[in-house]
Amino acid sequence: MSVTAVTGSASGIGAAVCEKLRAAGHTVIGIDRHQAEVNADLSSPEGRANAAEQVIKLANGKLDGLVCCAGLGVTAPSSSLVVSVNYFGSTELIELLQPALAKGEQPAITVIGSVAASQQVADPHPIIELMLNNDEPAARALADELGQPQIAYSASKYALTVHCRRLAVKTGSTGVRINLVAPGAIETPLHEASKQDPRFGEAVRNFVAPIGRNGQPSEIADAVSFLQSAQASFVHGSIIYVDGGMDAMMRSGKF
Ligand code: NAD
């Protein structure tokens with residue numbers, strides 16, 4: 001039976017992923033700030049080390065899957081927190097858990113990106129290079145100086161996507177597959193908070209996918225469940241857009 005760790009397990013997409021994977025027979029180790037098998041704060045190096053240590057202990061040193069869902073949106077308390085949780089909260093945890101994953105059965109990692117990442121493709125913000133260079137203090141400082149959480153958000157998701165795709169190339173021979181799911185607007189507490197925000201609410205409410213509705217967390221969990229299964233054994237370094245056609249709408253000729 002697969003043992004899979006899931007970050008952001010207490011809410012929204014992460015909670016739906018846990019439910020779906022449990023139904024598919026996985027033993028799930030949820031990681032969140034509260035209400036999880038592993039209660040840990042992924043916004044700091046100490047919190048990530050603590051999370052990895054607890055997961056490795058619960059999994060007896062051998063992990064078959066990791067799904068990184070924990071994240072903050074544009075209503076986060078600060079832009080630096082967005083950078084730390086969304087980018088480093090996934091990339092550092094992946095690094096810390098790689099040895100346990102390399103011992104797993106058909107091991108796989110799925111990371112939740114976002115359609116928002118493509119906002120950075122044409123002209124990537126300098127903060128992205130700081131993240132990719134693993135310089136958390138400098139990336140945090142620039143994010144707060146900028147004071148634009150929507151840029152911190154799209155930049156964190158773009159950097160995360162680039163990092164994971166590079167990792168797919170670098171570590172493919174270890175047998176640990178890694179892929180991303182890029183959701184569009186999904187009805188979760190994070191999305192609801194964005195819709196209510198006086199700065200971004202109107203734009204978020206008006207941004208409707210071609211399919212004519214927002215998605216449900218279970219629709220993201222279905223894609224994650226596939227990527228974590230043996231049916232996806234040759235899918236590696238890929239991005240699956242689960243967005244009701246948003247990416248197709250924004251850049252049909254660029255992919
Ligand atoms: P959510 O707020 O419902 O869930 C996020 C979870 O992450 C929460 O349980 C929260 O406690 C956890 N988390 C936040 N900071 C943490 C920390 N420091 N340490 C540990 N856990 C922490 O949000 P969601 O919409 O389910 O978001 C899940 C992921 O999906 C995020 O990465 C988000 O960026 C991404 N995403 C969401 C949407 C959307 O429309 N909902 C769209 C694109 C991408």
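Q: Is the crossing of α1 and α9 left-handed or right-handed?
A: The crossing of α1 and α9 is right-handed, meaning that the near helix is turned clockwise from the far one by less than a right angle. Bear in mind that this is a predicted model, where local features need pLDDT of at least 70, side-chain atom pairs count only at pLDDT 80 or more, and totals for chains, interfaces and linings use all residues. Residues are numbered from 1 along each chain as its sequence is written, and side-chain values use heavy atoms, with hydrogens and water left out.

Q: At what angle do α1 and α9 pack?
A: Helix α1 (residues 12–23) and helix α9 (residues 217–227) pack at about 50°, and their axes are 8 Å apart.

Q: Nice. Which residues of α1 make the contact?
A: On the α1 side they are Gly12, Ile13, Ala16, Val17, Lys20 and Leu21; contact means heavy atoms within 4.5 Å.

Q: Which residues are buried in α9?
A: Pro217, Ile220, Ala221, Ala223, Val224, Ser225 and Leu227 are buried there, that is, under 20% relative accessible area with a 1.4 Å probe, protein chains only. The buried residues of α9 pack against α1 and also against β4 (65–68), β5 (108–112), β6 (177–183) and β7 (239–242).

Q: Switching topic, what does Val111 touch?
A: Beyond its neighbours within four places in sequence, Val111 is in contact with Cys68, Ile94, Leu160, Cys164, Ile178, Asn179, Leu180 and Val181.

Notes:
Axes fitted to C-alpha atoms, helices over the stretch in contact; angles between N-to-C directions. Helix = DSSP H or I, 4+ residues; strand = E, 2+ residues; numbered from the N terminus. Buried < 20%, exposed > 50% of the residue type's maximum accessible area, 1.4 Å probe, protein only.
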